[in-house]
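Here are my notes for a first look at this model. Please read them with the structure open.

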Amino acid sequence: MSKPVVLIAEELSPATIEALGPDFEVRHCDGANRAELLPAIADVDAILIRSATKVDAEALAAANNLKVVARAGVGLDNVDVPAATQQGVMVVNAPTSNIVSAAELAVGLLLASARNISPAHQALRNAEWKRSKYSGVELADKTVGVVGLGRIGLLVAQRLSAFGVNLIAYDPFVRPARAAQLGVRMVPLDELLAESDFITVHLPKTKETLGLIGDEALHKVKPTVHIINAARGGIVDETALYEALVDGRVAGAGLDVYVKEPCTDSPLFGLDAVVATPHLGASTDEAQEKAGVAVAKSVRAALAGELVPDAVNVRGGTIAEPVRPYLALVEKLGRLATALASAPVSRIDVDVLGELAEHDVSILELAAVKGMFSLLVDEPVSYVNAPVLAADRGVQSGLSTEGEFEDFRDLVRVQVSCSDGSALRVAGTVTGLRDDEKLVDIDGADVDVPVSEHLIVFRYQDRPGVVGTAGRVLGDAGINIANMQVSRAAGGGDVAMVLSVDSSVSDAAVAEIATAIDASLARAVDLPA
C-alpha cells in the first residue's frame, strides 16, 4: 500500500520530519506561491503550514484527498476553518507551543518600554550619549494590569511577580478565587485602566475584543501608563494609541502585533516612546520546534483515525482510555439504529450507563451522529463534518449519563426518534481483554450477539419454521451464518432474530425471508469493520 502523503508548505524544524517518522511520503512546496501550492495540494492527505500559506476555500477545493490542515503555531487567520469543516478536513494547531516564548517577549517589551531601551540604543548607534533624556521607571511597587488571564497572561503574571509588582487582571472567564490563589486581584476593565502603571494584553482577537483598548479606554488611563500588546493586532486600536502617545495621555508602548501584517510604515514607529518588534512572539528556536513536533504528532494521530486533542473543529478533545473502545461501537450503533428506523431520523440520543459515565463521554454523541450519517450520505463522514451534516439537515442529538447500572459494568444505548413519531433503540457493550463488541438490546428485545461487519435483523410473530426458512434462503444465496439468536418473551409473541453473517446480503434475499415469515421489520446492515 502507498504511504499517506504529507505536504510541508513552509520551513519547519528538522524535528518535525523526525516526529512524522517513516510512515509517510513527505513532499515540499512554497506555500506562499499560489501557483505552486494549488497543484501540490491536489492529492495530499495532510498539509503542514505556518503563517505564510493561505489554506482558503480555493486551496481546499483543489485538495481532493485532504484530511488534515496542521498549523505549526497558534493563530489560524490563514486557514478557512468553516470551509475545512464543511469539507470534512480536520484543522489542528499547536496552542501551547509558543506560550513561554510569547510571555517572555511581552515581559521584554514591558521592560524595554519602562527603561527606554530602544531609543537609547538607537541614539548610541547615532553616536549620541543621551543618558538624561532616556531616564525610565522601575517596576517595583507598580501596578501591572493583565488583560486576559489565560495561559500566556498567567505566565506573564508569574514572571512579573518576581519584580515586586501589584498584579491586577481583567478576564470575565476567570474566577476571582482562582486568581487570588495566583496572587492576582480580578477587577473590572475600567478599574484596571484607571489603576495600572503597565497594561499588558493577552486576549484572543474576536469581534468582542477588537478595539477593546481604543479611544474611550485610553482616556481612562494614567498619563504615566505603558501599554504592551503581544497578543493580536487590533485589540489595541493603533490610531487611538498613536493619538494618546502624541497627546501625552500614554507614556509608552511595546508592540509585537499589528492590524495588518507585515507592517513597516506605522506612524507609531516614529515615536521614541514606542518599542516595536515584527511579530516575534513565537520566533524562538524552542517554540518553532515544539510547534512542529506537536502538529506532526497530531497529523500522525489524525491519519491513523484517532481524534486529536488540538483539533480546533472537532468536539471531544482528549479521550479517556476506558472510553476509546466505545467509539467504534457507538458509531456502529448509530448506523444500525438508523438502518432499522421506520422513517427519516430527526433526533439521535446516546445514554451512557455504568462506570463509563464517570469519564468525559461527550465524544460518544458525536460518534453516534457520525455513524448515522455514514449510512445516509455518499460523501465521506468524519468527526469533523458530522455535526455540519446534522445541522444542515435539522437533526438534533443529545447525551445523558447514569453512573449506576446493575446488568452490565458499562452499557451504551442509542435511540433514534423519527419524523413519523416512532422511536427505536439499540444497545451494546464492550467486554473481555480484547474489548469485544456485543449487541445486547434491539428495541427492547434482549440479545447477546457479537457486533460483526454484516448483520440481519428481523421482527415477526413467533411460529415454527422461521429459523429454517432463513437458513435455507441464505444458504441458497451462498451466505454463511456465523451467529444467530432469537429473542422472545413468550411463545407465540413478538420475536427479534439477529444473525451475523460472513458477507453482505442482497435486498432480494432479505425480502424473500421477510415475505415468508411475515416480518414486521427486515433489514440487512453492513457496519464498519
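Predicted model: local features only at pLDDT ≥ 70, side-chain atom pairs only at ≥ 80, totals over all residues.

1. V467 lies in helix α16, residues 466-476. V467 counts as partly exposed, because its relative accessible area is 39%, and partly exposed means between the 20% limit for buried and the 50% limit for exposed.

2. Next, helix α17, residues 507-517. Which residues of α17 are buried? They are A509, V510, I513, A514 and I517. Seen down the axis of α17, these buried residues fall within an arc of 135°, so they line one face of the helix. An α-helix has 3.6 residues a turn, so residues three or four places apart point the same way.

3. Now look at both sides of α17. Its buried residues pack against β19 (454-461), α16 and β22 (521-526). The face of α17 turned away from the buried side carries the exposed residues D507, A508 and T515. After α17 comes D518. The phi of D518 is positive, near 55°.

4. Turn to the sheet. Seven strands form an open sheet with parallel pairing. The order is β8-β7-β6-β9-β10-β11-β12. Which strands stand at the edges? They are β8 (185-186) and β12 (274-276). Each has a single partner strand, so one side of each is left without a neighbour in the sheet.

5. β6 pairs with β7 (residues 166-170) in the parallel sense over five bridges. In that pairing, V144 stands opposite L167 of β7.

6. Is β6 enclosed or open? Five of its five residues are buried, so β6 is largely enclosed by the rest of the structure. T143, G145 and V147 point one way from the strand. V144 and V146 point the other way. Both sets are buried.

7. Last, check S298 in helix α12, residues 285-303. Is S298 buried or exposed? S298 is buried, because its relative accessible area is 6% and the cut-off for buried is under 20%. Which residues does S298 contact, leaving aside neighbours within four places in sequence? They are V92, V308 and D310.

Key: Residues numbered from 1 in each chain as written. Heavy atoms only, no water. Helix = DSSP H or I, 4+ residues; strand = E, 2+ residues; numbered from the N terminus. Buried < 20%, exposed > 50% of the residue type's maximum accessible area, 1.4 Å probe, protein only. Arc of directions from axis to C-beta. Contact = heavy atoms within 4.5 Å. Pairing = 2+ DSSP bridges.
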